[in-house]
Amino acid sequence: MLLSLSTWIVPLVAAIILHEISHGWVANAFGDPTARRAGRLSLNPVRHADPVGTLILPTVLAMSGAPIFGWAKPVPVNISKLRNPRWHGILVTAAGPGMNLALALLTAIAYGVLLAATAPGPMSWGLSFLAANLINFILINLFLAVFNLLPIPPLDGGHIVAGLLPPRQGEKFERLGRFGLPVLLGVLVVLPLVNPAWSVMQYVIVPPVRAMMEALLDLARFIG
């Protein structure tokens with residue numbers, strides 16, 4: 001069980017930490033050194049881990065067989081320090097899902113190389129363990145990218161929508177972030193209980209994740 005859990009928890013921690021760091025990297029490139037000065041551009045997971053969102057919740061979800069997700073401590077970004085606060089702010093926000101999509105693509109290529117290196121014989125136990133981590137890393141990154149692009153504050157998609165709206169409307173929309181957790185629970189948990197046809201997970205998140213996962217696995221098999 002511990003080995004099985006590790007093939008989900010380790011990829012998840014890596015995915016959500018790199019997601020957060022990417023916000024800081026892009027912000028620093030556009031003139032805001034807040035994350036860099038706070039030491040949040042480090043790859044050291046201890047600097048980013050949230051005890052509940054990075055460790056406890058993903059472990060409980062994995063053990064219960066539920067969809068696995070989590071979060072790291074948000075990287076501090078001062079939008080006012082960006083050279084173009086509005087448009088650079090949108091790019092800083094989009095960097096998180098963009099990082100997850102890039103990681104999924106690169107991991108699919110790595111998985112394809114592994115298949116090519118081990119063909120035509122069976123994989124050893126160690127390589128099979130590595131393959132499971134790679135496949136799960138692809139899936140987790142795709143899920144995080146699609147999930148975070150939901151247009152609900154405080155998710156990245158909500159921040160992107162706020163940045164695209166006229167400033168006054170954007171500020172009002174951004175303030176909805178204070179109700180973000182109840183709204184997410186309502187959308188993801190309550191709505192499907194009321195009517196299964198309203199399941200955002202099943203009908204909004206899963207279809208694009210499944211389609212991209214199949215495409216990336218096809219790419220890996222082509223390489224292999």
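Helices (H or I, at least four residues) and strands (E, at least two) are DSSP runs, numbered from the N terminus. The structure is a predicted model, in which local features need pLDDT of at least 70 and side-chain atom pairs count only at pLDDT 80 or more, whereas totals for chains, interfaces and linings use all residues. Residues are numbered from 1 along each chain as its sequence is written, and side-chain values use heavy atoms, with hydrogens and water left out.

Figure 1. Pro120 belongs to the loop that links helix H4 (85–118) and H5. Pro154 is placed in the loop between H5 and helix H6 (156–164). Most peptide bonds are trans.

**Figure 2. The stacked pair of Trp125 and Phe129.** Rings of Phe, Tyr and Trp (its six-membered ring) pair if their centres lie within 6.5 Å; planes under 30 degrees apart count as stacked, over 60 as edge-to-face and the rest as tilted. A search of the whole structure gives two aromatic pairs. In one of them, Trp125 and Phe129 are stacked, with 5.6 Å centre to centre and 5° between the planes. Both residues lie in helix H5 (residues 125–148), four residues apart, about one turn of the helix. Trp125 has 60% relative accessibility and therefore counts as exposed, while Phe129, at 29%, counts as partly exposed (buried means under 20% relative accessible area, exposed over 50%, partly exposed in between; 1.4 Å probe, protein chains only).

**Figure 3. The stacked pair of Phe143 and Phe147.** The ring centres of Phe143 and Phe147 are 5.8 Å apart and the planes stand at 10°, so this pair is stacked. The two residues are four apart in helix H5 and are thus separated by about one helical turn. Phe143 is buried at 12% relative accessibility, and Phe147 is buried with a relative accessible area of 9%.

**Figure 4. A nonpolar surface patch that includes Val189.** Patches are made of residues with over 30% relative accessible area and no salt bridge; like charges are joined within 9 Å, and nonpolar side chains (Val, Leu, Ile, Met, Phe, Trp, Tyr) within 5 Å. Leu181, Leu185, Val189, Val190, Leu191, Leu193, Val194 and Trp198 form such a nonpolar patch, with about 790 Å² of accessible area together (Shrake-Rupley method, 1.4 Å probe; for residues, only the protein chains shown count as cover). Val189 is located in helix H8 (residues 180–194) and, at 43% relative accessibility, counts as partly exposed.

**Figure 5. A patch of positive charge that includes Arg178.** Arg168, Lys172, Arg175 and Arg178 gather on the surface in this patch. Lys and Arg count as positive and Asp and Glu as negative, with His and the chain ends not counted; the place of a charge is taken as NZ of Lys, CZ of Arg, CG of Asp or CD of Glu. Arg178 sits in the loop between helix H7 (167–175) and H8, and its 60% relative accessibility makes it exposed.

**Figure 6. The salt bridge of Asp218 and Arg221.** A salt bridge is a side-chain nitrogen of Lys or Arg within 4 Å of a carboxyl oxygen of Asp or Glu, and the count by this rule is one. The side chains of Asp218 and Arg221 meet at 2.7 Å, N to O. Both residues lie in helix H9 (residues 200–223), three residues apart, about one turn of the helix.
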